[in-house]
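This briefing is arranged by topic for a reader working from coordinates. Please keep the sequence and the model in view while reading.

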Amino acid sequence: MPRPSHPRPVHVVRDALARAGREALSVVSPVSCAGCRRADVGLCDDCRRRLVPEVVRVDLPDGLPVFAGLVYAFEARGVVLAFKNGGRVRLAEVLAPALAAALECCARRATAEGAPAVGGGAGDRALLVVAVPSSRRGRRRRGYDPVDVVLRRLGLVAGTRLLVPTARAGGGQKGRDRQQRLSGREGSLRVTRDLSGSRVVLVDDVVTTGGTLQEARRALAARGAVVVGAACLAATPLRSSRGGP
């Protein structure tokens, strides 16, 4: 007679069922790690650890200080791209701490120079968070605005439709050199109402040449706002040459 088998520990059965479930799901909906492309996992533990914020600061040619929570390279680049262009909206959860850390550094610097903090207390005039909008084409393609999604994950709502693309806003920036990116942004954004006396923190996803942020600052200044800094999810390696404050 066959010997009775011993019952397997609960965690072994659970792991086996989870593994079988992932394998079955991968047949109808293949998934890979957004950072390293490892199969059958949305974001592996190694890549998740590489998304721990490490704020870097860059200063744009016009003097605007920009704080980024991640360096836009390797696994972090893959995750940001999957979130922005791959429709993987749930990655906002793991990217949100990077933007939160960048916002904190930006607000700390602004406060040290006399501006109130983001979401300041009673009697303070809080810094106004203004998101750089996606292009119309990008928003139509994705169906969502990446920056807005992450801000909402943090419980922040950016100034609603304060900064909008103009009719002459160009297409994508991919494949353009620095000068083409900068010139292509001129006049591409406008502010919808008077912001005299407002102190603003700009928020964007990735800073490369900084042309979009400079154009946003120009448009805001034209309507009376003072842009005290910017916070981004990530900065390209060439831009992320300085440490945080």
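The points below move from the overall fold to strands, cores, aromatic rings, cysteines and selected residues.

The model is predicted; local features require pLDDT of at least 70, side-chain atom pairs count only at pLDDT 80 or more, and totals for chains, interfaces and linings use all residues. Residues are numbered from 1 along each chain as its sequence is written, and side-chain values use heavy atoms, with hydrogens and water left out. The chain has eight helices and eight strands, taken as DSSP runs numbered from the N terminus (helices: H or I, at least four residues; strands: E, at least two). Of its 245 residues, 42% count as buried, where buried means under 20% relative accessible area, exposed over 50%, and partly exposed in between (1.4 Å probe, protein chains only).

**Overall contacts**
- Among contacts in the chain with a separation of 6 or more, 71% are between residues 24 or more positions apart; contact means heavy atoms within 4.5 Å.

**Strand pairing**
- Strands count as paired if DSSP finds at least two bridges between them.
- Strand S1 (residues 56-59) and S2 run antiparallel and are joined by four bridges.
- In this pairing, aspartate 59 stands opposite proline 65 in S2.
- The two strands S1 and S2 form a hairpin with five residues between them, and glycine 63 in the turn has a positive phi of about 95°.
- S2 also runs parallel to S7, with five bridges joining the two.
- Valine 66 has alanine 230 as its bridge partner in S7.
- S2 is mostly covered, since six of its seven residues are buried.

**Nonpolar cores**
- A nonpolar core is a set of buried Ala, Val, Leu, Ile, Met, Phe, Trp, Tyr and Cys residues joined through side-chain atoms within 4.5 Å.
- The largest core has 42 residues, and Leu43, Leu99 and Leu151 have the most contacts inside it.
- At least two residues of this core come from each of S2 (65-71), H3, H4 (92-112), S3 (128-131), H6, S6 (199-207) and S7 (226-235).
- Helix H4 gives the most to this core, with 12 residues.
- Leucine 99, not counting residues up to four places away in sequence, touches Val150, Leu151, Leu154, Val203, Ala231, Cys232 and Leu233.
- Another core, of 25 residues, lies apart from the largest one and includes Leu162, Val227, Ala230 and Ala235.

**Aromatic rings**
- Rings of Phe, Tyr and Trp (its six-membered ring) pair if their centres lie within 6.5 Å; planes under 30 degrees apart count as stacked, over 60 as edge-to-face and the rest as tilted.
- By this rule there is one aromatic pair.
- Phenylalanine 83 and tyrosine 144 form this tilted pair, at 6.2 Å centre to centre with 45° between the planes.
- The pair links distant parts of the chain, 61 residues apart: phenylalanine 83 is in helix H3 (residues 74-85), and tyrosine 144 is in the loop between helix H5 (136-142) and helix H6 (146-153).
- Phenylalanine 83 and tyrosine 144 are both buried.

**Cysteines**
- The structure holds zero disulfides, a disulfide being a pair of cysteine sulfur atoms within 2.5 Å.
- The closest cysteine sulfur to that of cysteine 47 belongs to cysteine 44, at 3.6 Å, too far for a bond.
- Cysteine 232 is in no disulfide either, and the nearest cysteine sulfur, in cysteine 106, is 9.3 Å away.
- Cysteine 47 counts as buried at 1% relative accessibility, and cysteine 232 is buried with a relative accessible area of 0%.

**Helix H8**
- Helix H8 (residues 211-222) has 12 residues and reaches 17 Å from its first C-alpha to its last, close to the expected 16 Å; the expected span is 1.5 Å times one less than the number of residues.
- The buried residues of H8 are Gly211, Thr212, Leu213, Gln214, Glu215, Ala216, Ala219 and Leu220.
- Glycine 224 follows H8 and has a positive phi, near 95°.

**Selected residues**
- Aspartate 205 lies in strand S6 and counts as buried at 12% relative accessibility.
- Leaving aside neighbours within four places in sequence, aspartate 205 is in contact with Lys84, Val147, Cys232, Leu233 and Ala234.
- Threonine 208 is in the loop between S6 and H8 and is partly exposed, with a relative accessible area of 28%.
- The C-alpha atoms of threonine 208 and proline 237 are separated by 8.7 Å, although the residues are 29 apart along the chain.
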